[in-house]
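Okay, everyone's here, so let's get going.

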Amino acid sequence: MTADPSQHRPATPPTGSPAKRAAIALGVTVAATAAAILILGDAAYLWVKAVHVIAIISWMAGMLYLPRLFIYHCDAPKGSAQSETFKVMERRLLQIIINPAMIVSWVLGLWLAWKAGYFTDVWFHAKLALALALSAVHGYFSASVRAFAEDRNTKPPRHWRIMNEVPTLLMIAIVILVIVKPF
Ligand code: HEM
């Protein structure tokens, strides 16, 4: 995930490749989940939950790092080598880590909920609502990567500092809901 600033390569806007990467991640997840269920039977639940948590950690790492890149990117003059490097870093972080991790989190999380019969539980409804909110923030960050790639960002660093806290707050609430299950 490195880019040499001295090369000053123009960053191309996202193309069809994110969809391809996401489709591959989805296919591998479905295949691995199906294999785990067939081979492990009831023990598959804990393995699937472990992979769900690994995917969540990857998703959150990206969601916390991306707005930090936006903050630094705001200070880089448009057209500078530094700005072009940030474009590459943002695009790769989104396509290689954040998008596939979100898909894996959703697929496995929904399978876990179906398997354990959580769809009628109030704590799960609340968790689902917050996971949807996190996904909406993800969509906003994704659109922002495109805006930065096309030098269209108009938001100041302060905006991105505030946005940096949103995934953190959602994550804290979601983890409390799923572990404490307060209602
Ligand atoms: C994207 C939609 C999501 C769905 C449908 C989902 C669903 C689930 C389900 C059903 C479980 C199993 C709970 C249990 O066995 O007690 C689980 C576990 C877990 N989820 Fe999610 N989840 C999602 C997203 C997230 C997010 C965004 C986070 C954190 C930011 C998260 C963190 C966790 C953790 C830490 C566990 C393990 C809890 C435990 O074993 O006690 N999940 N998830």
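So, in α2, the buried residues are V48, H52, A55, I56, W59, M60, G62, M63, L66, P67, F70 and H73. Buried, for me, is 20 or more other C-beta atoms within 10 Å of a residue's own, exposed is 12 or fewer, partly exposed is in between, and the C-beta atoms are placed from the backbone. Look at how that list is spaced: an α-helix has 3.6 residues a turn, so residues three or four places apart point the same way.

Two caveats. This is a predicted model, where local features need pLDDT of at least 70 and side-chain atom pairs count only at pLDDT 80 or more, while totals for chains, interfaces and linings use all residues. Numbering starts from 1 along each chain as its sequence is written.

Zooming out, the chain has five helices and zero strands, where helices are DSSP runs of H or I with at least four residues, strands are E runs of at least two, and both are numbered from the N terminus. Buried residues are 27% of the 183 in the chain. Of the contacts with a separation of 6 or more, 86% are between residues 24 or more positions apart; a contact here means C-beta atoms, placed from the backbone, within 7 Å.

Back to α2 for its length. It has 32 residues and reaches 48 Å from first C-alpha to last, close to the 46 Å expected, the expected span being 1.5 Å times one less than the number of residues. For α3, with 36 residues, the span should be 52 Å, and its end C-alpha atoms are 51 Å apart, so that agrees. Still, α3 has a kink of about 35 degrees centred on L94; that's the angle between axes fitted to the seven residues ending there and the seven starting there.

Now the packing. Which residues touch the most other members of the largest nonpolar core? They're A55, W59, M63, L66, I98 and A101, out of 23 residues. A nonpolar core is a set of buried Ala, Val, Leu, Ile, Met, Phe, Trp, Tyr and Cys residues joined through C-beta atoms within 7 Å. The elements giving two or more residues to this core are α2, α3 and α4, and α3 gives the most, with ten. Apart from that core lies another, of five residues, among them A131, L134, L177 and V178. As for L66, leaving out residues up to four places away in sequence, it touches E90, L93, L94, I98 and F141.

On to the ligand, which 20 residues surround, the closest being G109, L112, A113, A131 and M171. Near means a C-beta atom, placed from the backbone, within 6 Å of the molecule. Giving two or more residues to that shell are α2 (44–75), α3 (81–116), α4 (122–149) and α5 (157–180). Again α3 gives the most, with seven. By class, the shell has 16 nonpolar, three polar and one charged residues. Nonpolar covers Ala, Val, Leu, Ile, Met, Phe, Trp, Tyr, Cys and Pro, charged is Asp, Glu, Lys and Arg, and the others, Gly among them, are polar.

Last, K49 in α2. Why is K49 partly exposed? Because it has 16 other C-beta atoms within 10 Å. Its C-alpha is 7.7 Å from that of G109, 60 residues apart along the chain.

Technical notes
Contact = placed C-beta atoms within 7 Å.
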